[in-house]
Amino acid sequence: MRVLAIASLLHCFTCHAAETNETATRLHSLEEGFGQLDAKLSRQMNELLWRQRLEDIAIVDKVNFTGPPPRGTNGISPPAGSNEVVISAFTFMPRGKWRTHQLPLIVLAHPEIHGNVASDDFAIVVRELVQHRYAVIAPDYRGSSGYGIDFWRTIDYGGLEIEDVHAARKFMLDVHREIDPKRVGMVGWSHGGLIALLTVFAHPQDYQACYAGVPVSDLEERIKIKGKGYEELFSAPYHIGKTLAQAPEEYRRRSPARNADKLRTPLLVHANTNDEDVNIHEIQKLIEALQAAGKDFQYHVYTNAPGGHLFNRLDTNLARESRQEIWKFLHVHLEP
């Protein structure tokens, strides 16, 4: 009898645990679904606001093209014939008499892991680029938010993200014959700065200038500063799938500071000493690696500039002065 009673109690406990786990899974699924819906609605609202803010100076369009097939879980290659990933992007063509002249192109990589193009701090950047007579394409590369959970989980941080961004360049050259293929710049801030750097490292012949603002530069240093909780972003099953200790070379492959010898493109880097997102020590590793590799590049480290990580994407005088430094650098190499 005692054995039967114990068995009965164990059965009840197991059933309760199973029900608890099932409830937790359902709640997580609901929470994830509401989060994706919120991201989609936010993206759509922000895109409408962007059109209103930019259509007076630019011909604004939302386009779709394809990047490479997904790499597969834990970096495993997908089967032959896999569908390519559909990428959405905003394009901005200057209004006016530009059609009689070839335009330079800026490929703009948005910041944030799982971010998207239509963020509040980026509209001013696009506006000024268009005012300087650049055509602009800004892709929502794989893993961007607002396109559903499946697209969100295709993220390949520092991997196929860069091929999606590079595909944006090809799209613009294929569709807009008035763009000069020999005057293409790559621009990005934060995570977009990492993508900008890795893109020109991988395709140096296709870009004549690169700007990286407060760029994520070294994942090993970043995890050391941010703590192990940050590493969970990368070790998720749908992502790299391994920790830094398990796959150090994979993390280095995705870190600009560990690939500085590949730079062949004119480069300007901006950093800020009070940046609480991308610590100055991380960017210093990039600067030192470029110097050690004997690379000719420009950099400007701002001291405690107001705004921290966003310091030169604001509406302040200092932010405008910093952006003018960017536009002058691009002008030298792209001649808009």
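Which residues is Ser322 in contact with, leaving aside its neighbours within four places in sequence? The tour returns to this residue at its final stop.

**Before starting**

The structure is a predicted model: local features need pLDDT of at least 70, side-chain atom pairs count only at pLDDT 80 or more, and totals for chains, interfaces and linings use all residues. Residues are numbered from 1 along each chain as its sequence is written, and side-chain values use heavy atoms, with hydrogens and water left out.

**Stop 1: the whole chain**

Display the protein chain, which has 10 helices and eight strands. Helices (H or I, at least four residues) and strands (E, at least two) are DSSP runs, numbered from the N terminus. Of the 336 residues in the chain, 50% are buried; buried means under 20% relative accessible area, exposed over 50%, and partly exposed in between (1.4 Å probe, protein chains only). Among contacts in the chain with a separation of 6 or more, 75% come from residues 24 or more positions apart. Contact means heavy atoms within 4.5 Å.

**Stop 2: the sheet**

Select the strands. They form an open sheet of eight strands in the order E1-E2-E4-E3-E5-E6-E7-E8, with mixed pairing. Two strands pair if DSSP finds at least two bridges between them. At the edges lie strand E1 (58-67) and strand E8 (298-302), each of which pairs on one side only. On average, neighbouring strands of this sheet are turned by 20° against each other, direction ignored. Angles run from 0 to 180 degrees between N-to-C directions, and axes are lines fitted to C-alpha atoms, for helices over the stretch in contact.

**Stop 3: strand E6**

Select residues 209-213, strand E6. Five of its five residues are buried. Ala209, Tyr211 and Gly213 cover one side, and Cys210 and Ala212 the other; all are buried. In a regular strand the side chains alternate between the two faces of the sheet.

E6 has parallel partners. E5 and E6 pair in the parallel sense over five bridges, and Tyr211 in E6 is the bridge partner of Val187. Strand E7 (residues 267-272) runs parallel to E6 and is joined to it by four bridges; Ala212 stands opposite Val269 in E7.

**Stop 4**

Return to H2, where seven of its nine residues are buried: Ala123, Ile124, Val125, Val126, Glu128, Leu129 and Val130. After H2 comes Arg133, whose phi is positive, near 70°.

Next, select Phe92. Leaving aside its neighbours within four places in sequence, Phe92 is in contact with residues including Trp50, Leu54, Val126, Val130 and Tyr134. Phe92 and Leu330 touch the most other members of the largest nonpolar core, which has 92 residues. A nonpolar core is a set of buried Ala, Val, Leu, Ile, Met, Phe, Trp, Tyr and Cys residues joined through side-chain atoms within 4.5 Å.

**Stop 5: two helix pairs**

Select H4 with helix H5 (residues 191-202): they pack at an angle of about 75°, with their axes 9 Å apart. They are therefore roughly perpendicular to each other. Angles under 35 degrees count as roughly parallel, over 145 as roughly antiparallel, 65 to 115 as roughly perpendicular and the rest as oblique. Glu161, Ile162, Val165 and His166 in H4 meet His191, Ile195, Leu198, Thr199 and Ala202 in H5.

Then select helix H6 (residues 219-226) and helix H7 (residues 228-235), which pack at about 135° with their axes 6 Å apart. That angle makes H6 oblique to H7. Leu219, Arg222, Ile223 and Lys226 of H6 make the contact with Lys228, Tyr230, Glu231 and Phe234 of H7.

**Stop 6: helix H10**

Finally, select Leu334 in helix H10 (residues 317-334). Leu334 is buried, with a relative accessible area of 0%. Leu334 and Val184 are 150 residues apart in sequence and 6.9 Å apart in space, C-alpha to C-alpha.

Ser322 is also found in helix H10, and at 1% relative accessibility Ser322 counts as buried. Leaving aside its neighbours within four places in sequence, Ser322 is in contact with His270, Tyr302, Phe311 and Asn312.
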